[in-house]
Amino acid sequence: MAEDKTFKQEIQNIFEAGKHTPLDKLVFTYKGVLYPSVPCNIDIFQALESFEARNDDILLASYPKCGSNWTLQLLSDMIKVAYSRNALTKIPILEFAAPDKFEKLKQEGSPRLLSTHLLYDNIPKNVFEKRVKIVLVIRNPKDTAVSFFHFYNSNVLYPTYNSWDTFFQDFISGKVAWGSYFDQMVAWNKHIDDDTVYIVTYEEMKQDLKAAVKKMAGFLGISLNEEQVQQIADDGTFKSMKEKAKESYGDFVPVFFRKGEVGDWKNYFTEAQNQEIDAKFEEYLAGTKLGEMINYNVYCK
């Protein structure tokens, strides 16, 4: 992914810090939402309030485990082809603390590729004032929950769950890192028609990655020919990414790249859990444009 060692080193630093964090200090609450204390902290959230966006920034927004690493790779490859520069030399997540983070961001060339898992209302206001183009990647809630469960249990930065059943109850009630999946989707649904927001689903990328790449590039105003689109799609398959990830993620590849499948939730959900999350979807997202994009009846039934 990254051609220099900065990205890989930042990943290693974060996980090393996590190893030395007491179990009861792994997460903290800020404005009612849980976050991992490594690499997030209150100082970085306060600094984000004065973050200076550029009108040519590209922001990838997503709830955790909805395909953000995958989509970042695709967007990075588009920028590399169109602008001949590596956009992923360091971790792009806005709410992740790093030494001299914002000073370094000021020095970075355009377009900058940024990322966030924050709820809409917690994204720096300057992002919207500068009309930054936002790519929102979403995924059906059942596969998201299962992927998040494994992410928790393979990751020293998060508390470990003894069972899927226990995690499910925290997920459905929003007591997990970055808060409620459903609250985040409801907030984005209010902005689904904003001309600065483009929504892509995990499932459509799995179904036709080339078409998804072409649509994202068109929204971002990135000019790619057919051969370039095909190459980015070929390099962006889950299998290809997992094989190449060692150079960027080092020993932590299994944390970020597990199965990359649609429908794995069927191996975990009980009938009672199915009914509970179906009711949640019905309450929060049924009849909405974003809910329709998730295609719940196809991927979650």
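S62 counts as buried because its relative accessibility is 1%, and buried means under 20% relative accessible area. The model is a predicted one. S62 belongs to strand β3, which covers residues 58–62. When neighbours within four places in sequence are left aside, the contacts of S62 are S68, T116, H117, L136, V137 and Q184.

## The parallel sheet

Strand β3 is part of an open sheet of four strands, in the order β4-β3-β5-β6, with parallel pairing. The edges are taken by β4 and β6 (197–201); each has a single partner strand, so one side of each lacks a neighbour in the sheet. On average, neighbouring strands of this sheet are turned by 25° against each other, direction ignored.

Strand β5 (residues 133–138) pairs with β6 in the parallel sense, over five bridges. Within this pairing, V137 is placed opposite V200 in β6. V137 is also one of the contacts of S62. Helix α3 (residues 68–83) packs on the sheet, where it touches β3, β4 and β5. The direction of α3 makes about 165° with that of β3.

## I134 in β5

I134 is located in strand β5. With a relative accessibility of 1%, I134 counts as buried, because the cut-off for that class is under 20%. Neighbours within four places in sequence aside, I134 is in contact with L59, A61, V127, F128, W188, T196, V197, Y198 and F219.

I134 and A82 are 52 residues apart along the chain, and 18 Å separates their C-alpha atoms.

The loop between α2 (42–48) and β3 holds E52. Is E52 buried or exposed? E52 is exposed, because its relative accessible area is 53% and exposed means over 50%.

Not counting residues up to four places away in sequence, E52 touches K106, R112 and N126. The C-alpha atoms of E52 and M216 are separated by 24 Å, and the two residues are 164 residues apart along the chain.

## The β1–β2 hairpin

Strands β1 (residues 27–30) and β2 (residues 33–36) run antiparallel and are joined by four bridges. F28 has Y35 in β2 as its bridge partner. The two strands form a hairpin, with two residues between them. K31, in the turn, has a positive phi of about 55°.

Strands of a sheet pair through backbone hydrogen bonds, in either the parallel or the antiparallel sense.

Of the 21 residues in its lining, E10, I91, A97, A98 and P99 are the closest to the centre of the pocket. The elements that contribute two or more residues to the lining are α1 (6–19), α4 (101–107) and β4 (113–116).

How many residues of the lining of the second largest pocket are nonpolar, polar and charged? The lining divides into 14 nonpolar residues, two polar and five charged.

Key:
Residues are numbered from 1 along each chain as its sequence is written. This is a predicted model: local features need pLDDT of at least 70, side-chain atom pairs count only at pLDDT 80 or more; totals for chains, interfaces and linings use all residues. Side-chain values use heavy atoms; hydrogens and water are left out. On a 1 Å grid over the protein atoms alone, a cavity is a set of points where a 1.4 Å probe fits but cannot get out, and a pocket is an open set with protein on both sides within 12 Å along at least five of seven lines; lining residues have an atom within 4 Å of a point. Ala, Val, Leu, Ile, Met, Phe, Trp, Tyr, Cys and Pro count as nonpolar, Asp, Glu, Lys and Arg as charged, and the others, Gly among them, as polar. Two strands pair if DSSP finds at least two bridges between them. Buried means under 20% relative accessible area, exposed over 50%, partly exposed in between (1.4 Å probe, protein chains only). Contact means heavy atoms within 4.5 Å. Axes are lines fitted to C-alpha atoms, for helices over the stretch in contact, and angles run from 0 to 180 degrees between N-to-C directions.
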